[in-house]
Amino acid sequence: QTAEPDVDLQPPLARAGTFTLLALGVGTLLGSLIPRLFSDLPADGTAVLTPLSMPLVFSGVLTLVLLALTMLLVKEDLGAGTADWRQGFRQVPSIIRTGVGLSRQNPTILLLLGASIASGLALISLESFWQPFFAGLLGGSKDNTLLFGIIMGGNFLAGMAGNLLATPLSRLLNKRYCLVCAIFQGAWGLSIVLLALQTAPILANLAFWLAYMNMGIVNSPHSTLLNQEIPSGQRSAMLSIASLASYLGAMIGGAGLGYVAEQTSIGTAWIMSGAILVVSLLLYLRVDARRSRVQPTVERTIIKA
């Protein structure tokens, strides 16, 4: 964005999200196979290395590989007079204050952070409850790692498809990313409600994948809107605050909807989660209205000049 100030960020953000979700999908499928490959190890709870502990061992090894590749391949020009890492740590409180101050000054950023909270809440409800939900539909089969790996791996691949669809859909709506987010935030919420109402495993699985596809469509337009609002000097701090907003939503959803699911049912918790997502599409419509008001003002200023 610094090199090309007028660049459209959505397509590269969608491509990046596609690769991330592809890796998650493949990793989930491979992770579900690993316990079967080590089925001769002692039963779970009887030793350190058990079939279900082996995916964690492989994950740890891959993390070390990632660290080594990052050190070898990622080169960063820090420029002259760059502060050392100790000074960077001392600047963290100031960076957070700056980010919070910018959020309070810019209503558009606040609206986008609100949408992030709703998305985080919905996502944690899916990732927390899907396994007991599907175990119930499949007759209590909660130890079938391969079956659950296929269900969850398919989710990430559906999210990857959503990222791929985001770019042509954005073009179809003349790159009005707020409308793309609003439409598919609502579709994401409705697909969660649809999932909550299913009693057949296959239909439930399709609704589950549909929910992740809609989420994938929202991701890159939302990130584009956020980056367009953030000054370059505050980008790192603001993206961290946006991440914290998602975690706040996850914390609220994990505790609040977890209680609802325990007292009533997972389906009820999901219906509440889907309803919150549908209501949150109004935040994107507010952003679209604000941007529509700002754009004509800018154009009139240019014409006068």
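Predicted model: local features only at pLDDT ≥ 70, side-chain atom pairs only at ≥ 80, totals over all residues.

**Entry 1: pocket**

I sorted the lining of the largest pocket with those classes. It has 17 nonpolar, 13 polar and one charged residues. The lining has 31 residues in total. I put the volume of this largest pocket at about 980 Å³.

Which residues lie nearest the centre of the largest pocket? I found Leu123, Asn219, His222, Ser223 and Ser246 there.

Next I looked up the elements behind the lining. Those that give two or more residues to the largest pocket are α1 (10-37), α5, α6, α8 and α9 (235-263). Of these, α8 gives the most, with nine residues.

**Entry 2: aromatic rings**

I searched the whole structure for aromatic pairs and got nine. The ring centres of Phe156 and Tyr212 are 6.2 Å apart. Their planes stand at 90 degrees, and planes over 60 degrees apart count as edge-to-face, so this pair is edge-to-face.

Where does each partner sit? Phe156 is in helix α6 (residues 145-172), and Tyr212 is in helix α8 (residues 201-229). The two are 56 residues apart, so I logged the pair as a link between distant parts of the chain. Both Phe156 and Tyr212 are buried.

I also noted a wider group. Trp130, Phe133, Phe134, Phe148, Phe156, Phe208, Tyr212 and Trp270 form one aromatic cluster.

**Entry 3: Ala135**

I placed Ala135 in helix α5 (residues 107-137). Is Ala135 buried or exposed? Its relative accessible area is 8%, and buried means under 20%, so Ala135 is buried. I also checked Ala135 against Gly45, which is 90 residues away along the chain. Their C-alpha atoms are separated by 21 Å.

**Entry 4: cysteines**

How many disulfides did I count? The count is zero. For Cys178, the nearest cysteine sulfur is that of Cys181, 6.9 Å away. A disulfide needs the two sulfur atoms within 2.5 Å, so Cys178 is in no disulfide. Cys181 is in no disulfide either, with the sulfur of Cys178 as its nearest, 6.9 Å away.

I looked up burial for both. Cys178 is buried, with a relative accessible area of 2%. Cys181 is buried too, at 0%.

Key:
Residues numbered from 1 in each chain as written. Heavy atoms only, no water. Phe/Tyr/Trp six-rings, centres within 6.5 Å; stacked < 30°, edge-to-face > 60°. Helix = DSSP H or I, 4+ residues; strand = E, 2+ residues; numbered from the N terminus. Buried < 20%, exposed > 50% of the residue type's maximum accessible area, 1.4 Å probe, protein only. 1 Å grid on protein atoms, 1.4 Å probe; cavity = no way out; pocket = protein on both sides within 12 Å on 5 of 7 lines; lining within 4 Å. Points joined across faces, edges and corners; volume = space filled by probe spheres on them. Nonpolar A, V, L, I, M, F, W, Y, C, P; charged D, E, K, R; others polar.
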